[in-house]
Amino acid sequence: MIIEPRDPLLVRDGRPFTNTPRARARTLLFPFPQTLAGALRGRWGILQGLSFPKDAHQVRSLGIRGPLLAEREELGWSLYAPSPLDALLVQGQLHWLRPLELGSIRTDLPEGLHPVGMPQIDARAKPELLPPFWRWDVFERWLLEPLRVFSQDLKGLNPLPIDVRTHVSINPKQQTAEEGRLFQTSGLAFSFFDQATRRYRRLGLALWSEVKVEGAFPLAGERRLAYWYSEGPEPPAPPPGLLEALQAQRAARIVLLTPGLFRDGFLPAERTFGGAPIRAVAVGRPAVVSGWDLERNRPKPTRRLAPAGSVYFVSLDGLDVEAWLRGIWMNNVADDPQDRLDGYGPAAIGTWSGQLEAPHAHSESNPPTT
């Protein structure tokens, strides 16, 4: 299904928002899965005649996969994936970061994990910003053959525009502003005119669940409206040739399509995915999530997430690769069963040779790989 925000979507980032002068309600750059899971469960339950928070236990088992960013086009909705964190843009060239041999290098990595980086190093090079959202067809190519994807192929989307609104309280008798009653809110715009492409864009949130909701309903902060469509794109299937490549290489990359929630920070509790041991990780700064528990009327604990786009390099030795691929592809891989139902960590699978590479200095006769 698709949720298309009609108004700028306000998904709070957790910073205090009080009635002090010049208060600001800031938004996240993209909603967390639990926000959409809670909205879907609540809306579906209300349509079924349930009462909350009394009947919350009846909808908690409803799970989702997603959300992924989607764009409305002539033939329907097209999907975008988060920028994978094993991609690096340097001097206009796209590089693939992969596991390196440790050698005599000392790191603070957990035991058994290898660093991820560029085999050919140029200390003068500075990384550039990548589009945070990649078209799904380009993302599929990155999964299969990352060394054959170039910066001009990306066709990605920049961060969603942030709409800032200033609010003031008016004294109804005097028709003047109340002293100190001034505050701002910021929200994510999903419909806007794109100056770069000179066209109007309609974006939405794609998610998959066993229940469907259709209509116009409030979503997130300030109860701003969104259109809910029961129809939408099907969950992406593994790209052709992926299974054969995994069977030949006996190794893989796992890319998180939403943030991952694990007991040991960025690592799963058993340091495996479906029995495949982790050998290296490309992970960014942790995201932080909490929220309010309506059923218990108390704040939820603050937890740290592996950001969307995190990449895990795993070994497939001794596994039934076809069964493993079916068990991981587009399924949520969070440690806790409830976190999986809440949409944390749907996974895409990519190729990797399984070999560690030796880092060496970049020279003019040895240009960086693109």
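Predicted model: local features only at pLDDT ≥ 70, side-chain atom pairs only at ≥ 80, totals over all residues.
View 1. Four bridges connect β6 with strand β5 (residues 87–90), and the two pair in the antiparallel sense. Leucine 89 has leucine 94, in β6, as its bridge partner.

**View 2. The packing of helix α3 against helix α4.** Helix α3 (residues 242–249) packs with helix α4 (residues 321–328) at an angle of about 125°, and their axes are 10 Å apart. This angle is why α3 counts as oblique to α4. The crossing of α3 past α4 is right-handed. From α3, the residues Leu242, Leu243, Leu246 and Gln247 meet Val321, Glu322, Trp324 and Leu325 of α4. Of the residues in this contact of α3 with α4, six are nonpolar, one is polar and one is charged.

View 3. Five strands with antiparallel pairing form an open sheet in the order β19-β20-β25-β18-β26. The edge strands, β19 (272–273) and β26 (347–351), each pair on one side only. Strand β20 (residues 276–282) runs antiparallel to β19, and two bridges join them. Opposite threonine 272 stands proline 277, in β20. Helix α2 (residues 136–144) packs on the sheet and touches β18 (251–256) and β26; the direction of α2 makes about 50° with that of β26. Helix α3 also packs on the sheet, touching β18 and β26, and the direction of α3 makes about 60° with that of β26.

Notes:
Residues numbered from 1 in each chain as written. Heavy atoms only, no water. Pairing = 2+ DSSP bridges. Axes fitted to C-alpha atoms, helices over the stretch in contact; angles between N-to-C directions. Parallel < 35°, antiparallel > 145°, perpendicular 65-115°, else oblique. Left-handed = near helix turned anticlockwise from the far one by under 90°. Contact = heavy atoms within 4.5 Å. Nonpolar A, V, L, I, M, F, W, Y, C, P; charged D, E, K, R; others polar.
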